[in-house]
Amino acid sequence: HGEGVLDTAEGTRNTFLEVDEMTITGGEQHPFISQFISVDVASSVVIKGGRFENFETSKNCWIYCVSNSSDFHVSENLSDDYDACVEIHKPHDFMLAIGRKLMKKAYCMGWWKCQYLGRHVQYEDRTHPAVIKGKEFVHQNEVRAIYFPLNLSPKPFVTQIPELKNYVKLI
């Protein structure tokens, strides 16, 4: 893939939480900090001034990507091999057709607008790594259908869904 398509950090995020002051008791562990600190049930810990970071990676999945932009300039940084553009005029039917084709292979997490947050994301923002993109891609206004395979080792595949032509038009 060329510039504008290839994102080597795809599916990753570096989650961080900055703490000014926090008391953690053994009975009430913090869901993020508990990855770093274990507090006995009868104990407590006071944290003053700290930063916790954890690198996260999405499980392998299949992603179908489209742009929600009507700006033809979105495609300028894509590969020279791309020579056509279609408008999906019935997105709901389009999505259902793909879902029906993949239902024996994968679970659909849904269609999501990408969040152009960069890769360092605060803990409070629980955006899934599969929909995070770098800020340099914001012009793409991307929407993704995310499919998690029913088996744990997805392999690339090519499929045909002839009915999709009913929901698009060449522009």
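Strand β1 is joined to strand β7 (residues 120–122) by three bridges, and the two run parallel. Strands here are DSSP runs of E with at least two residues, helices are runs of H or I with at least four, and both are numbered from the N terminus. Two strands count as paired if DSSP finds at least two bridges between them. This is a predicted model, so to speak of local features a pLDDT of at least 70 is needed, side-chain atom pairs count only at pLDDT 80 or more, and totals for chains, interfaces and linings use all residues. Residues are numbered from 1 along each chain as its sequence is written, and side-chain values use heavy atoms, with hydrogens and water left out.

Next comes an open sheet of three strands, ordered β3-β9-β5 and paired antiparallel. Its edge strands are β3 (62–67) and β5 (106–113), each of which pairs on one side only. From one strand to the next, the twist averages 15°; axes are lines fitted to C-alpha atoms, for helices over the stretch in contact, and angles run from 0 to 180 degrees between N-to-C directions. Six bridges hold the antiparallel pairing of β3 with strand β9 (residues 142–149), and S67 faces E142 of β9 across that pairing.

Helix α1 (residues 91–102) lies across β3, β5 and β9, and runs at about 20° to β9. Contact in this setting means heavy atoms within 4.5 Å. H92 belongs to helix α1. With a relative accessible area of 51%, H92 is exposed; the cut-offs are under 20% for buried and over 50% for exposed, with partly exposed in between (1.4 Å probe, protein chains only). Along the chain, H92 and Y167 are 75 residues apart, while their C-alpha atoms are separated by 9.0 Å.

Then there is N141, which sits in the loop between β8 (132–133) and β9. N141 has a positive phi of about 45°, although it is not a glycine.
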